[in-house]
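Subject: Structure handover

Hello,

Here is the structure you will be working with. My notes on it follow below.

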Amino acid sequence: IKEYARENSTDIKVVIGGNTASYYWEEYIKHDFIDYLIRGDGEEPLLKICRGENETAIPNCIYNKNGEILENPFIYVQDETNSSEIYLSHLDEIMLSHHASRFGTFFIVSHKGCAMNCLYCGGCRQSQQKAFNRIQPLKRGVKEVRKDITAVKPYTSTFQFEFDFPADDILDYCQQIWAGIDLKDH
């Protein structure tokens with residue numbers, strides 16, 4: 001992967017994250033083609049990596065420095081106190097074209113974490129805490145979800161949503177999200 005990426009630029013850094021990387025980070029970080037591994041929520045850590053900030057100040061980040069694996073504190077969790085500024089933006093600056101089918105299907109995140117106790121993410125809520133440092137699920141604000149839909153609309157033909165809020169009436173939430181947004185072509 002790294003060799004392929006570096007054919008285009010020697011400055012490219014390989015960053016991995018998400019469910020699998022968070023659960024199996026100890027195995028993945030041993031691969032020399034990975035520059036950074038982000039455990040748990042990655043919005044703030046990835047932004048800091050892209051900005052070239054000091055590696056030691058990037059939360060949730062594990063990296064390989066001259067053969068030594070270094071692990072920063074696992075402290076960043078997106079929650080109600082810090083999520084209002086987290087939404088898709090600047091897509092015009094990073095997209096190569098404005099074709100509506102650029103992404104095909106685009107998944108819009110309406111929540112993070114899970115209150116369920118199924119096998120998908122390890123079989124229990126405690127697994128979510130271990131892998132993502134998330135104690136309780138986060139339902140994203142209507143405003144942030146609407147910003148994501150509006151930002152991605154020119155680049156996709158199909159949206160995918162998942163609303164998994166137990167014991168929560170999501171009808172009003174969904175109506176607020178989609179109110180006034182023309183999705184007839186999506």
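The protein has eight helices and eight strands. Helices (H or I, at least four residues) and strands (E, at least two) are DSSP runs, numbered from the N terminus. This is a predicted model: local features need pLDDT of at least 70, side-chain atom pairs count only at pLDDT 80 or more, and totals for chains, interfaces and linings use all residues. Residues are numbered from 1 along each chain as its sequence is written, and side-chain values use heavy atoms, with hydrogens and water left out.

Overall figures

Of the 186 residues in the protein, 34% are buried. Buried means under 20% relative accessible area, exposed over 50%, and partly exposed in between (1.4 Å probe, protein chains only). Take the contacts with a separation of 6 or more: residues 24 or more positions apart account for 60% of them. Contact means heavy atoms within 4.5 Å.

The largest pocket

The largest pocket holds about 1700 Å³ of space. A pocket here is an open set of points on a 1 Å grid over the protein atoms alone, where a 1.4 Å probe fits, with protein on both sides within 12 Å along at least five of seven lines; lining residues have an atom within 4 Å of a point. Grid points are joined across faces, edges and corners, and the volume is the space filled by probe spheres set on the points.

The lining has 45 residues. Nearest the centre of the pocket lie Gly42, Glu43, Gln78, Val109 and Lys112. The lining divides into 21 nonpolar, 13 polar and eleven charged residues. Ala, Val, Leu, Ile, Met, Phe, Trp, Tyr, Cys and Pro count as nonpolar, Asp, Glu, Lys and Arg as charged, and the others, Gly among them, as polar. Elements supplying at least two lining residues each include S1 (15-16), H5 (91-94), S5 (105-108), S6 (111-112) and H6. H4 (43-50) is also one of these, and it gives the largest share, five residues.

Helix H6

H6 spans residues 125-132, and its buried residues are Ser127, Gln128, Ala131 and Phe132. They sit on the same side of H6, because they cover an arc of only 105° around the axis. The arc is that of the directions from the helix axis to the C-beta atoms. Helix H2 (19-23) is among what covers these buried residues. The face turned away from the buried side carries exposed Gln126 and Lys130. Just after H6, Asn133 takes a positive phi of about 60°.

The largest nonpolar core

This core has 13 residues, and Ile108, Val145, Ile149 and Ile177 have the most contacts inside it. S5, H7 (142-152) and H8 (170-178) give two or more residues to the core. H7 gives the most, five residues. A nonpolar core is a set of buried Ala, Val, Leu, Ile, Met, Phe, Trp, Tyr and Cys residues joined through side-chain atoms within 4.5 Å. Leaving aside neighbours within four places in sequence, Ile149 touches Ile108, Phe159, Phe161, Ile177, Trp178, Ile181 and Leu183.

Two loop asparagines

Most residues other than glycine have a negative phi. Asn60 has a positive phi of about 65°. Asn60 lies in the loop between H4 and S3 (61-65) and is buried, at 1% relative accessibility. Asn66 has a positive phi near 55°. Asn66 lies in the loop between S3 and S4 (68-71) and is exposed, with a relative accessible area of 79%.

Best wishes
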